[in-house]
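Here are some notes on the charged side-chain pairs, for your review. Please read them alongside the model.

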Amino acid sequence: MTITGEDVYNGMPAGDLGEQGWERPWSGPNGGQCVETKKLADGRVAVRQSTDPAGPALIYAPEEIAAFVRGVKEGLADHLAAG
């Protein structure tokens, strides 16, 4: 099956995006529960949970990913990791 830009949607099964190209930009302390990302041909970024690779993929525009990374670097997500 060939996936085109029109076929990619938020919440689609991550397995439909293929197994090639997924990366783990960061990993949990035990190395098991990781967020995986995949840059799509049209520049969008797919995100999936490594423990459920066939589960849903969240699809973000490049601008959304850039804003998220900027916010994390500025400490705007620190409250999410507070114990």
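**Salt bridges in the predicted model**

1. Start with glutamate 36 and arginine 24. Their side chains form a salt bridge, 2.9 Å from N to O. The model is predicted. The two residues belong to distant parts of the chain: glutamate 36 sits in strand β2 (residues 34-39) and arginine 24 in strand β1, 12 residues apart.

2. Glutamate 36 has a relative accessible area of 7%, and anything under 20% is called buried, so glutamate 36 is buried. Arginine 24, at 48%, is partly exposed.

3. Next, glutamate 19 and arginine 48. A salt bridge joins their side chains, with N to O at 3.4 Å. Glutamate 19 lies in the segment before β1 (23-27), and arginine 48 lies in strand β3 (residues 45-49), so this pair ties together parts 29 residues apart in sequence. Arginine 48 counts as buried, at 5% relative accessibility.

4. Do these pairs stand apart or link up, and which residues are linked in a network? Glu19, Arg24, Glu36 and Arg48 are linked in a network of salt bridges.

5. One further pair is arginine 44 with aspartate 42. Their closest N and O atoms are 2.8 Å apart, and they form a salt bridge. Aspartate 42 is partly exposed, with a relative accessible area of 44%.

6. How many salt bridges does the count come to? The count is four. Among them are the glutamate 36 to arginine 24 pair, the glutamate 19 to arginine 48 pair and the arginine 44 to aspartate 42 pair.

Methods. Residues are numbered from 1 along each chain as its sequence is written. This is a predicted model: local features need pLDDT of at least 70, side-chain atom pairs count only at pLDDT 80 or more; totals for chains, interfaces and linings use all residues. Side-chain values use heavy atoms; hydrogens and water are left out. Helices (H or I, at least four residues) and strands (E, at least two) are DSSP runs, numbered from the N terminus. Buried means under 20% relative accessible area, exposed over 50%, partly exposed in between (1.4 Å probe, protein chains only).
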